[in-house]
Amino acid sequence: MEKIEVNDLRSALELLKSLPDQLIETEVEADPMGELAGIYRHVGAGGTVARPTKEGPAMLFHTIKGHPGAQVLIGLLASRRRVGYLLDCDPARLGFLLKESVSHPLPPVVIPREQAKCQEVVHLASDPGFDLKTLLPAPTNTPEDAGPYITMGMCYASNPENGDSDITIHRLCIQSRDELSIFLQPGARHIGYFREAAEKAGKPLPISISIGVDPAIEIASCFEPPTTPLGYNELQAAGALRGRPVELTDCLTIPERAIAHAEYVIEGEILPYVRVREDQNSGTGKAMPEFPGYCGPANPSLPVIKVKAVTTRKDPIMQTCIGPSEEHVSMAGLPTEASILSMLEKAYPGKIKNVYCASPGGGKYIAVIQFLKTVPSDEGRQRQAALLAFSAFPELKHVFLVDEDVDCFDLKDVMWAMTTRFQADVDLIPIPGVQCHPLDPSNHPDYSPLIRADGVACKAIFDCTVPFDQKDRFERAKFMEVDPTPWLPNPGGSLYNKE
């Protein structure tokens with residue numbers, strides 16, 4: 001069978017169609033207002049979604065209520081195994097692959113508009129019938145959402161001070177026929193800096209939003225400082241992942257570029273000094289479900305994108321995700337693993353066997369570090385490694401340290417290590433009064449009087465490693481190595497070994 005090369009969303013779907021249990025297609029009509037996400041919750045959302053849920057295949061809806069001819073894809077990256085297929089990598093080595101991509105950047109290239117599939121169909125905001133709510137089959141996750149959200153939009157903009165460009169994913173809510181709100185977490189992403197610089201000069205910031213792209217772009221776009229500092233364009237990492245540059249093209253109505261083979265491109269400008277209440281159309285007080293598993297509060301004042309045009313491929317596919325799903329774990333967690341690996345391998349070469357940013361933390365709050373102690377002087381270094389992990393990714397809340405004989409990807413095995421190799425009065429290291437993530441509802445003064453300000457809370461290290469001088473006492477039972485194939489005609493494949 002000929003190998004399918006992934007270079008856009010459609011080739012990614014062709015690859016999944018060739019694999020068992022990785023994609024479901026349905027012609028049954030689904031309402032994008034809550035129902036579509038409600039369906040996928042049971043099929044494959046996983047992550048921190050309220051139970052019952054499970055990890056499963058991606059799902060392509062061919063019939064969307066209120067949007068004749070529209071298609072919506074959900075859950076493309078909601079499985080570490082599936083990401084491994086899409087990036088042609090053993091799932092257990094994805095963090096290492098991402099780390100190398102940042103170290104060997106491959107800059108994007110610009111192709112002529114006539115070669116860009118994203119501009120096969122053009123809708124101008126100046127046209128009388130233009131309306132984002134009908135053009136974009138953007139779903140809501142729940143009936144309480146502030147409005148339809150674009151959750152997988154690759155936002156591309158440039159620094160007005162020096163022309164450096166960057167791509168990131170942001171929360172985008174459709175507010176009117178030609179306006180979107182954009183949530184920019186202060187200090188977290190480069191485009192927020194670009195917007196502030198443009199606003200200080202009293203100018204709008206041109207921005208393109210590409211939806212439905214090569215999954216390598218979606219994952220690379222989630223790198224954050226310090227791994228990708230201001231001035232580093234994450235499209236370079238996406239190019240490195242594929243071994244070929246990402247192709248951009250010039251937008252039609254703004255002086256900016258977009259992903260050339262995206263399914264949808266929204267062209268617009270972030271207006272200076274203009275703000276909107278995120279839930280102005282719903283009045284629910286809520287935005288949408290975020291990765292910790294709770295609905296984020298609607299922001300009372302967000303910047304506004306004035307849309308100039310929407311361009312698409314023929315028969316475009318809208319891509320979306322559920323905020324707390326395993327898809328967020330893939331997009332946020334894999335770059336986080338790469339960031340931690342990069343810093344720790346420099347400090348402790350040969351000691352870091354692997355890192356897993358676990359699903360219960362949404363890819364951001366929890367890291368499991370597999371540390372190898374080989375000499376007596378390694379004792380204590382594992383805790384220093386945990387401290388460095390907090391520096392590599394400051395949004396981390398909990399770091400679990402385990403030995404090389406513990407599977408860091410199996411949280412049952414991690415909990416076993418915590419049960420038999422951890423004493424809270426000896427091995428729990430709290431770090432109070434440090435900046436944590438604002439979306440964690442426990443990081444608030446209402447939760448504890450010891451929390452001085454929203455987001456200034458406590459991180460913790462759980463050292464579940466065996467003291468080096470006691471390794472003999474904690475040796476796991478040794479079983480005979482046997483190939484079970486003759487006894488199991490249809491053995492299940494290991495999650496972390498490609499079949």
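Asp-31 and Lys-65 form a salt bridge, with 3.9 Å between the closest N and O atoms. The model that shows this pair is a predicted one. The two partners lie in distant parts of the chain, 34 residues apart. Asp-31 sits in the loop between β1 (23–26) and α2 (35–43), while Lys-65 belongs to the loop between β2 (58–61) and β3 (71–74).

How accessible are the two residues of this pair? Asp-31 has a relative accessible area of 22%, so it counts as partly exposed. Lys-65 is also partly exposed, because its relative accessibility is 45%.

## Other salt bridges

In total, the count comes to 35 salt bridges. One of them joins the side chains of Asp-427 and Arg-383, with an N to O distance of 3.1 Å. This pair, too, links distant parts of the chain: Asp-427 is in helix α12 (residues 424–427) and Arg-383 is in helix α10 (residues 381–392), 44 residues apart. Asp-427 is buried at a relative accessible area of 11%, whereas Arg-383 is partly exposed at 27%.

Some salt bridges share partners, and in this way Asp-8, Arg-10, Glu-263 and Arg-313 are joined into one network.

## Helix α8 and its surroundings

Helix α8 covers residues 235–242. Is this helix mostly covered or mostly exposed? Seven of its eight residues are buried, so α8 is mostly covered. The buried residues are Leu-235, Gln-236, Ala-237, Ala-238, Gly-239, Leu-241 and Arg-242. Just after the helix comes Gly-243, which takes a positive phi of about 75°.

Arg-242 counts as buried because its relative accessibility is 17%. Asp-214 has a relative accessibility of 7% and therefore counts as buried.

## Helix α4 against α8

Which helix has an axis that comes within 8 Å of the axis of α8? Helix α4 (residues 94–103) does, and the two axes cross at roughly 120°. The two helices are therefore oblique to each other, since an angle counts as roughly perpendicular only from 65 to 115 degrees and as roughly antiparallel only over 145. The crossing of α4 with α8 is right-handed.

On the α4 side, the residues in contact are Leu-97, Leu-98, Ser-101 and Val-102. They meet Ala-237, Ala-240 and Leu-241 of α8. By class, this contact has six nonpolar residues, one polar residue and no charged residues.

## Helix α4 against α9

The axis of α4 also comes within 8 Å of the axis of helix α9 (residues 326–347), and here the crossing angle is roughly 75°. The helices α4 and α9 are therefore roughly perpendicular to each other.

From α4, the contact involves Leu-94, Gly-95, Phe-96, Leu-98 and Lys-99. From α9, Leu-334, Glu-337, Ala-338, Leu-341, Ser-342 and Glu-345 take part. By class, the contact of α4 with α9 has six nonpolar, two polar and three charged residues. Leu-98 of α4 is in contact with α8 and with α9.

Methods
Residues are numbered from 1 along each chain as its sequence is written. This is a predicted model: local features need pLDDT of at least 70, side-chain atom pairs count only at pLDDT 80 or more; totals for chains, interfaces and linings use all residues. Side-chain values use heavy atoms; hydrogens and water are left out. Axes are lines fitted to C-alpha atoms, for helices over the stretch in contact, and angles run from 0 to 180 degrees between N-to-C directions. Helices (H or I, at least four residues) and strands (E, at least two) are DSSP runs, numbered from the N terminus. Angles under 35 degrees count as roughly parallel, over 145 as roughly antiparallel, 65 to 115 as roughly perpendicular and the rest as oblique. A crossing is left-handed if the near helix is turned anticlockwise from the far one by less than a right angle, and right-handed if clockwise. Contact means heavy atoms within 4.5 Å. Ala, Val, Leu, Ile, Met, Phe, Trp, Tyr, Cys and Pro count as nonpolar, Asp, Glu, Lys and Arg as charged, and the others, Gly among them, as polar. Buried means under 20% relative accessible area, exposed over 50%, partly exposed in between (1.4 Å probe, protein chains only). A salt bridge is a side-chain nitrogen of Lys or Arg within 4 Å of a carboxyl oxygen of Asp or Glu.
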